[in-house]
Amino acid sequence: MESDLHRSMKKIVRGELELDSYTVIEEPIFPPNRRISWEAYRPDLLGYRSDSQTEEIAVVECETHPSMPRFTSKNHSSLWFQPSVLCDGSIRRILAVPRGKLHAVDLGLRQNWEIWVLGSTHPLEKFSVIT
């Protein structure tokens, strides 16, 4: 059963992605089209946006009680995305955690994942990927 906190986190992240022009699917059981695939994995949220030159998907994991062993055991590395021939494509990975739980996150994840900290006093803080 999904907790109120988890549901709330997904709602906040979904709203942010929709503000950035993503179409968002919650906990898709199957990839929404043939150019996206994964095995034994289901993201909390999957966002998709495109224009005439780029296609981008956003994969979101909302962790109410972040545990790096549990997080790294998820099969998110099986995610594959092939944009159309005429477009550049990218995968945006977002890990959302509640305020006060950032200490449980290995910040080395920032090499591939944006980390969003959700809370009540500052509704959202974003730590972008380190390039």
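Which residues of α1 are buried?

Analyst: This is a predicted model, in which local features need pLDDT of at least 70 and side-chain atom pairs count only at pLDDT 80 or more, while totals for chains, interfaces and linings use all residues. Residues are numbered from 1 along each chain as its sequence is written, and side-chain values use heavy atoms, with hydrogens and water left out.

The buried residues of α1 are H6, M9, K10, V13 and L17. Buried means under 20% relative accessible area, exposed over 50%, and partly exposed in between, with a 1.4 Å probe and protein chains only. Helices are DSSP runs of H or I with at least four residues, strands are runs of E with at least two, and both are numbered from the N terminus.

An α-helix has 3.6 residues a turn, so residues three or four places apart point the same way. On the other side of α1, D4, K11 and L19 are exposed.

The buried residues pack against β1 (23-26), β3, β4, β6 (88-98) and β7 (114-118); contact means heavy atoms within 4.5 Å.

Helix α1 runs over residues 4-19, and at 1.5 Å a residue its 16 residues should span 22 Å. The expected span is 1.5 Å times one less than the number of residues. The end C-alpha atoms are 23 Å apart, which agrees. After α1 comes S21, with a positive phi near 70 degrees.
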